[in-house]
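Look over the sequence and the model shown below.

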Amino acid sequence: MTIDYSGINVNLEHILPELIVVVFSILVILIDLFTRGRQNKNNLLAGVSIVGYVLSFLACILYFGNNIGGSLFGGSTVFNTEAFNRMVVMDNMGLFFRMLSLGTAIVTVLLSTQYIKDRGFAIGEYYAVLGLATCGMMFTASATDLTSLFVGIELMSIAVYILTGFARADKLSNEAAMKYFLLGIFSTAILVYGMAWLYGMTGYTNLRQIGGKVAEIAAQGGGITANGGLVLAIMLLIAGLGFKIAAVPFHMWTPDAYQGAPTPVTAFLSVGPKAAGFAATVRIMVEALGPAWQTWVPIAIVICILTMTVGNVIAVTQRSVKRMLAYSSIAHTGYILIGLASYTPTTSEQAISSILFYLFSYLFMNMGAFGIVVWLQRNGGTDSLDSFRGLSQWAPGPAALMLLFMLSLTGIPPTIGFLGKYYVFVSALNSGLWWLAVIGALNSAIAAFYYLRVIWYMYFEDARVQRPQRSSPTLVWTLVGAAIAVLVFFVVSWPIIDVARLSLPTIAAVVGGGR
Amino acid sequence: MAINNMLGGFPILSIMVYMPIVTALVLLFVKNNQAIRRIAAIGAAINLVVSVVALVFYISKYFNAGIPQEQSFDFQEYFVWLPDPINIGYHMGADALAILLLVLTTLLTLISILVSWEPIQKRVREYYMVILFLQAGMMGVFVSLDFFVFYIFWEIMLVPMALLIGIWGSSNRVYAAVKFFLYTLSGSLLMLVAIIALYLQHGTLDILMLQQLGPGDPRDFQNWVFLAFAAAFAVKVPMWPFHTWLPDAHVEAPTAGSIILAGVLLKMGAFGFIRFALPITPAGTATFAPIMVGLSVIAILYGAMVSLVQPDLKKLIAYSSVSHMGFVTLGLFTGVWLNELGYGAATQGIDGAIVVMLSHGLLTGGLFLCVGAIYNRLHSRLIADMGGMAKPMPVYAMLFMIMMLGSVGLPGFSGFIGEFLTMLGAFRANWVVGALTTIVIILSAWYLFWMFQRVLFNKTNSAVRNFRDASPIEAGSLIVLGVLSLLIGILPTPLLDMINPISHQLLTVVSAAIPNVTTLADFFK
């Protein structure tokens, strides 16, 4: 018996972006051991982390260029095939999510530097764990096998649990980490159970091979619904993935984790793991279960409506801005799910690209909003709505930035948030789900209320205290950068949309392949 | 696509739209409050001049060969903004209606800036920035010829207006600002869904293209799109029963806010109906015309009757706005309704609606200015606190009277022309509707004269005895508004010649769609 190794392809170039991030994370720990002085250490380690992320980002851009026909590697080297025995792939969708993760990580580092110094966190560990979480997100995005997907999700999740509880002296942070951890492993167990059923029903762990098998099952007499095991697998997977993206009714951990976590970590949490969760969702639902779309799309629609509505309605009652943003983040999961819910084989391009674009837009506006909370906490405020009272009087600049981020989250032009909503609504109408778009629109009106409340506290109320402002140039310039991105990508959105349209998952129905 | 621009591609409209934003950004770098006021006023004045120049150019071109017969969009600008497959263009252009509204906007903005000179002492820079941003949004709405661009400007208006009410308003301002924001946003979002539906139907959002393609849509599609449009526009007009945000917003807004709100923002809804709903979904419009007419009649009567019992002067004028804007929608939809009965060339209703729009902008803007002048001196809006003001303020009383008489609809003022034409249209459509609306002539005379008597005559209230008379700015602004109103009232023909092609075009489109009309009973089945 001969074993054919030719398809295994262990070329390390296929995981180069992840490798760069891992190497720099380890580098951070090593440098941490050999430097003295908190100020120096903080600047140095933040700098090293960012260099790592930027290098990795550049690598992603090069691969992306190569995939769409650039000639950097001589134009002949093909990377967008599955490697490591069909475990990972360097396809455009994976690269898009990798770049999103890296962008999130860069912004998080910039938001964190002052914060972790002020609060006395362990500096080296913070940046290293953040790097590993990013690495996990990137692996999740590139995985094409249930096992590698699971490993990616776990690497991300465990690192994020640690980050959530990083404020060791803070009870809220500990509580948040514990809740997040317990519910997280619970959901992971459900996810893995679903994966086991999926494997049992199809006989493959590779997503594209599963897709081929599911297509076969769908073509048989009774279709998908006749295969109870597969339906169970779909349900379990939706539940497991729903936890990761914070969809209702699997959202219970979100408010506590978001409120308790150190604010820069919350910013990271609200974008990074959510994006990775959506990467996993798209991989599993579209690449593996795409042929079964008629089974899971109705469930996705119900979850989508619930998520939008519950998130928005509960957000209205919140007095803590972090908690409010947590519920708003749930609601935004709902808007993104409109994209997934409008998936059909013929409208997949519009559906998936609207998800990708929304996540891109969400990165800037949501991290910006959390960044303002970080700024406020540094200047003597808390995350309660009362801290925002009269902000425009003693800090007109940050107030104006927050105004912009709130408008963007509401979806009011000229901000990128409007475009994100526009594309998911286009996607819904494109699939004939006009009522879903109407529900989304009405939800945006509900959401306007609580975003507007922040604006009114900042602008309409009088300040009770005039606080002196401590200078925090890194933070402020990061927020200005995010604000510029919110405006600029509104005007020049087409490059991003083009990239999103080029970053579609491989629809597997044609990939059969026996063993 | 033919890009019609008599200035050879010179982007005069974009300049007008973005000039306020540039002015506002300049204000960021100015420290001195007095300098801020001057710069804002100069910016607004330049914009007024530019808009008047555009009007003159437009008239001189299209009246060159006699009275124009068709609606022409000029000063167009076009470039591709979001390329294929999204296919959205940055398209600007103005017809006669848009240019008239532009002039109204620039005029009222300048007046608002001038009358805020003394009353606004709190956060002066932000105040003028907000007004200028608001102006940019309003101008953008009138001249966009791409739905996407239009929607952007439409939403941009929302935030500065809410800030204007919420920061510089009176006691209950937060409630009013939030109510205003949420009401208008809910309507707009439904319109957004309709816009996307149109986009997917036709693959373009260019308004001129949609005006050609839209009437061919299936009638159910048109009905639903019209309803979504109506949700946005009816809130903005505001039509009864979506009007409840208006009195709150007006009462709490500062004077400049009220002037802009009454003068320009309320025109957005009617403008939306004229520019989008009627030409793009004519069958939908015709289907729902009876309902819209009914709501308009209710608004006219209800607004007038509520005005009658208002103890608050500003609220009284606000409700009179509801009544007057009812005339606008009445004119528009009786025009459509008429058509159904076979009066193909009966443009009176729509002509009247447009004249009422302009006239209401001038006169009600002026009335709010008058109320603001009292409020600055008395710090009360209650009619009971006033009385006998004519004695210390004779000039002011005289100008107030002109505004009041114009609003009543006295022949010789623009209000009369508009309301007369509208009622003519209404009578020709249905005599019951016509008869009901004429009642309001009596009511409006009643509440306005009575208000005038209680404010300016009667027993002189001791608090008002030492009031100084109208300042030059107040008097000058009121004179300009009054003269314009008189001009339209005495010589309406040039104005009617300008707008007649637009109403004619609308009716042609709608009558072509008549075979496509559902009856209401069918729709609800």
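Which residues does A:P264 touch, not counting residues up to four places away in sequence? They are A:T108, A:L111, A:S112, A:Y115 and A:V374, where contact requires C-beta atoms, placed from the backbone, within 7 Å. The model is predicted: local features need pLDDT of at least 70, side-chain atom pairs count only at pLDDT 80 or more, and totals for chains, interfaces and linings use all residues. Residues are numbered from 1 along each chain as its sequence is written, and chains are lettered from A and ligands numbered from 1 in the order in which they are written.

A:P264 lies in helix 10 (residues 263–288) of chain A; helices (H or I, at least four residues) and strands (E, at least two) are DSSP runs numbered from the N terminus. A:P264 counts as buried because it has 30 C-beta neighbours inside 10 Å, the cut-off for buried being 20 or more other C-beta atoms within 10 Å. Its C-alpha atom is 6.1 Å from that of A:T108, 156 residues apart along the chain.

In chain B, strand 1 (residues 74–82) and strand 2 run antiparallel, joined by 6 bridges; pairing takes at least two DSSP bridges. B:L82 has B:I88 in strand 2 as its bridge partner. The hairpin has 5 residues between the strands, and B:N87 takes a positive phi near 65°. Strand 2 (residues 88–94) of chain B is largely enclosed by the rest of the structure, because 6 of its 7 residues are buried.

Between the chains, 27 residues of chain B are in contact with 23 residues of chain A. On the chain B side, helix 5 (147–168) and helix 6 (173–202) each give two or more residues, and helix 6 of chain B gives the largest share, 15 residues.

Note on methods: Two residues are in contact if their C-beta atoms, placed from the backbone, lie within 7 Å. A residue is buried if 20 or more other C-beta atoms lie within 10 Å of its own, exposed if 12 or fewer, and partly exposed in between; C-beta atoms are placed from the backbone.
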